[in-house]
Structures are given as structure tokens and as C-alpha cells.
Amino acid sequence: MAFEPVLTKGIGELDLADIEVYESQGGYQALRKALKEMTPAQVLEEVKASGLRGRGGAGFPTGMKWGFLPNDGRPRYLCCNADESEPGTFNNKMLIEYNPHLLIEGILLAAYATNCAQSFVYIRGEFKRGYDVLTRALAQARAKGYVGEKILGSDFTQNITVHRGAGAYICGEETGLLSSLEGGRGEPRLKPPFPAVSGLYGCPTIINNVETLCNVRFIVERGASWFKSIGTEKSPGTKIFSVSGKVRRPGNYELPLGVTLRELIEEHAGGLLPGSTLKAVQPGGASSPVLLPDKLDIPLDFDSVPANGSILGTAGVIVFDQTVCMVRTALYYADFFSHESCGQCTPCREGTAWAARVLRRIESGQGTRHDLEVLRSLKGTMSGTTICLLSDFSITFLQSVLNHFAHEFEAHVSGKACLAAREVRSA
């Protein structure tokens with residue numbers, strides 16, 4: 001599938017973190033165009049017409065989300081969610097570290113389109129290098145007059161504040177992010193009201209992730225029709241797929257939405273490691289159910305993946321081969337979600353810790369068939385019972401492997417050796 005990358009163009013070849021280099025590649029021309037030739041409403045309509053969908057996991061139409069902001073005289077805020085913490089996902093990290101001005105320009109365009117008074121970047125605490133790169137880029141942009149008062153001689157004023165988190169996965173959830181940004185515990189809030197109505201400081205707030213905002217420059221620069229010519233009808237544009245696991249070339253690959261799993265794994269990621277046989281794939285990070293090898297030809301977009309039993313999510317594609325024990329992997333994820341639960345809701349606080357204990361017992365050979373039935377029952381007690389979706393997503397992988405790889409769990413509780421361990425020994 002031949003096409004021109006846009007979000008990742010120049011990464012690895014040019015120092016795009018330097019503002020002079022970024023400008024030489026057309027940087028900040030979309031901002032100039034918007035401020036000189038377009039009204040905020042026109043920018044918003046262009047983004048809406050493009051069909052851009054949020055790249056943070058939910059895939060909600062971005063322009064529609066912006067349109068929900070009430071015009072009631074309260075100040076509006078824009079928050080960039082840069083708290084990328086989903087295991088298996090590392091595309092935002094790359095954009096922040098290697099193309100920070102693209103993010104800054106996207107934030108400025110989004111703030112202009114939505115008449116926001118102030119913008120914030122909530123960045124993952126572990127992204128120390130990304131924080132340093134982004135703050136240097138912001139200083140460069142401010143010195144050039146792209147950030148601050150009366151930008152490029154217009155009436156548009158915008159300041160951007162970068163706030164480091166403290167390493168909490170739950171702060172990637174938008175209302176948990178707002179709670180943390182306000183100085184409180186990173187605990188999700190009940191919805192409604194949604195952030196667009198009552199968000200940061202109780203004011204109308206837009207929250208978009210890094211990759212979503214990076215797309216805005218090119219939509220303003222090249223138009224909605226160009227954007228819609230890439231990808232699929234309902235999922236236009238490109239997506240940066242983070243591929244890891246048992247492949248020859250793990251890494252980030254920017255491709256049109258709708259690319260098949262087969263093309264992504266075999267052509268771009270170089271295929272599986274020597275001696276490996278494909279066992280399963282997670283298409284959307286740790287929170288996504290697995291897909292089996294018979295699903296290799298499904299398009300990776302926001303509608304086709306759910307239609308086939310999983311989610312595109314953050315497009316963190318994790319590839320498993322025959323040597324991977326699904327029981328051990330389920331335990332690894334259970335430990336992660338248990339550790340990252342904020343503890344606010346009982347089903348999540350107790351359920352994630354309980355699931356981890358049961359899985360640890362099974363993985364060590366001390367489990368029973370009753371334990372398997374208990375794990376299967378968690379869908380009824382941990383889904384749809386909490387304020388946010390961490391509880392729901394903490395068991396999606398588990399439920400899918402209990403369904404597709406029941407024989408591995410049976411082997412662990414019946415006293416037999418781990419089936420995947422046999423594969424490792426025979427390799």
C-alpha cells in the first residue's frame with residue numbers, strides 16, 4: 001500500500017525538534033493560514049468535515065466533540081492527553097520526542113478553532129526526555145511568536161502549560177487526568193456531566209490525545225477532502241501502529257487506517273521471528289481481546305476490529321507466538337491493572353487484586369477448575385459496575401484467552417506442565 005506518511009515524515013532523518021528545521025518542512029504555515037484566512041468556525045468545520053476520529057482509543061469524531069462546547073460565557077480549556085501508559089503502545093512518545101512542534105501547532109489550531117483561553121499538556125511522568133524536548137520546543141515557539149500574546153499579529157492569544165503526571169495509568173482516563181491536573185487525587189469522575197460541559201475547573205474542556213492533535217495541521221493545510229482520501233470511509237486518515245512482540249522489526253508504523261493485520265505484521269514488521277508460529281494478536285494494547293490467526297485479513301479500523309471481537313484502541317499491536325503462555329500473560333496484565341486501579345470503586349479495587357491472586361495460584365499449578373469458573377464469572381461483576389472503564393478493560397484479555405485457550409488453563413490446573421513451556425523446550 002503506497003502512500004506518503006505525514007505524521008512521521010522526517011523522523012529519523014531530520015531534527016524536527018529544532019524549530020528552524022520544522023519551519024523548513026512547512027511547519028507553522030497551517031497556523032499562519034488559519035489566523036490569516038480562516039475563522040475559528042471554519043477551522044472547526046474543516047476538522048468536522050475531515051471525519052478525523054480520536055486516536056486515543058475510543059475513536060470518537062473529533063470535530064463533533066469540539067462542537068459540544070457550550071457558549072455560555074465561561075472560559076474554555078484545551079487539554080492534550082499525553083499520559084500514554086497502555087502497555088504495548090508507544091506512538092505518542094515518538095511524536096513528542098521527535099516532532100514536538102507538530103503537537104504544538106496542532107494544539108494552537110485546536111485552541112483557535114474552539115476559542116479556548118488556555119491549553120495544557122498532561123504528560124506522563126516517566127516521559128522525562130519527552131518533557132524536556134517539549135518544553136524546549138515551547139520556548140522556541142514562544143520566542144518566534146507562535147505562542148503567547150496576539151500570535152502572528154492576530155487577536156489570538158494562547159499559552160500552553162506542560163504538566164508532568166506522577167506515573168499513574170488511571171490519569172490517562174480523561175476525568176482522572178482533570179482531577180490530577182487540578183491538584184487532586186487522580187480519580188475518575190462520574191459522567192455526565194461530560195468534560196465538554198464541566199471539565200477543568202468546572203469549565204467547558206476539550207481533551208484530545210497527542211496523535212489526534214498532530215493530525216489537525218495537515219487537515220488545515222491540505223483540506224478535509226485530502227484527509228478523507230486516505231484510510232476508509234468511516235475511519236479516514238493514517239494511524240501510527242505500535243508493533244511489538246514476536247516480530248523481526250518491532251516499532252511504529254504510520255499506515256492508512258484499514259490496513260490489514262497481515263500486511264502490518266508480514267510486510268512492515270518483517271514477519272515473525274525465525275521458528276515462530278503465530279498464536280494470537282492483540283490489536284489495541286493490553287486492554288484488547290486477542291484475535292486468532294484466522295483474523296489476519298481484517299482491516300484495522302475503528303469499526304472492523306470491533307466487528308471481529310476486539311478493539312483497535314490505541315493500535316498497540318502485540319504479537320504472540322507458540323512460546324507465549326497465555327496464563328502467564330494474563331497474570332502479568334492482572335498484576336498491572338491491580339497496581340494501577342485508583343481504588344475508588346469496589347469492583348475494580350477488589351476485583352483486579354482478586355483476579356491477580358487467582359491467576360497466580362493457577363499459573364503456579366495450585367489452581368482448581370472452580371478457579372476457572374470464578375474467572376469466567378468476573379464479566380458479570382466487573383463490567384459496567386464502576387465509574388470508569390478500567391475495571392471493564394482489565395478483564396477483556398482474560399476473558400478472550402479463557403475462551404480461545406481454555407486448554408492452557410486446564411493444563412495448569414490439572415497438574416500438567418505449561419503447554420507453552422513445552423514449545424520453548426522443543427524450539
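This is a walk through the model, one selection at a time.

Before you click, note that the model is predicted: local features need pLDDT of at least 70, side-chain atom pairs count only at pLDDT 80 or more, and totals for chains, interfaces and linings use all residues. Residues are numbered from 1 along each chain as its sequence is written, and side-chain values use heavy atoms, with hydrogens and water left out.

**Stop 1: Gln29**

Select Gln29, which sits in helix H2 (residues 29-37). Helices (H or I, at least four residues) and strands (E, at least two) are DSSP runs, numbered from the N terminus. Gln29 is partly exposed, with a relative accessible area of 42%; buried would be under 20% and exposed over 50%, with partly exposed in between (1.4 Å probe, protein chains only).

**Stop 2: the four-stranded sheet**

Next, colour the open sheet of four strands, ordered E6-E5-E8-E7 with mixed pairing. Its edge strands are E6 (251-256) and E7 (278-282), each pairing on one side only. Two strands pair if DSSP finds at least two bridges between them. On average, neighbouring strands here are turned by 30° against each other, direction ignored.

Zoom in on E7 and E8 (residues 316-321): they run antiparallel and are joined by four bridges. Show Val281 and you'll find Val319 of E8 opposite.

H5 (residues 91-98) lies across E5 (238-245) and E6, at about 115° to E5. H13 (residues 326-340) lies across E7 and E8, at about 150° to E8. Contact here means heavy atoms within 4.5 Å; axes are lines fitted to C-alpha atoms, for helices over the stretch in contact, and angles run from 0 to 180 degrees between N-to-C directions.

**Stop 3**

On a 1 Å grid over the protein atoms alone, a cavity is a set of points where a 1.4 Å probe fits but cannot get out, and a pocket is an open set with protein on both sides within 12 Å along at least five of seven lines; lining residues have an atom within 4 Å of a point. Grid points are joined across faces, edges and corners, and a volume is the space filled by probe spheres set on the points.

There are two cavities of 30 Å³ or more. Of its 13 lining residues, select Ala334, Phe337, Ala355, Ser394 and Ile395, the closest to its centre. H13, H14 (346-363) and H17 (396-404) each give two or more residues to that lining.

The second largest cavity, about 70 Å³, has a lining that includes Pro188, Cys342, Cys345, Cys348 and Cys388.

**Stop 4**

Finish with the largest pocket, about 1400 Å³. Of the 45 residues lining this pocket, Gly56, Gly57, Ala58, Gly172 and Glu173 are the closest to its centre. H5 turns up again, among the elements supplying at least two lining residues, while E4 gives the most, with five. By class, the lining has 18 nonpolar, 19 polar and eight charged residues; Ala, Val, Leu, Ile, Met, Phe, Trp, Tyr, Cys and Pro count as nonpolar, Asp, Glu, Lys and Arg as charged, and the others, Gly among them, as polar.

The second largest pocket is about 200 Å³. Val6, Lys9, Gln25, Arg217 and Phe218 are the closest to its centre, and H9 (residues 210-222) gives the largest share of its lining, four residues.
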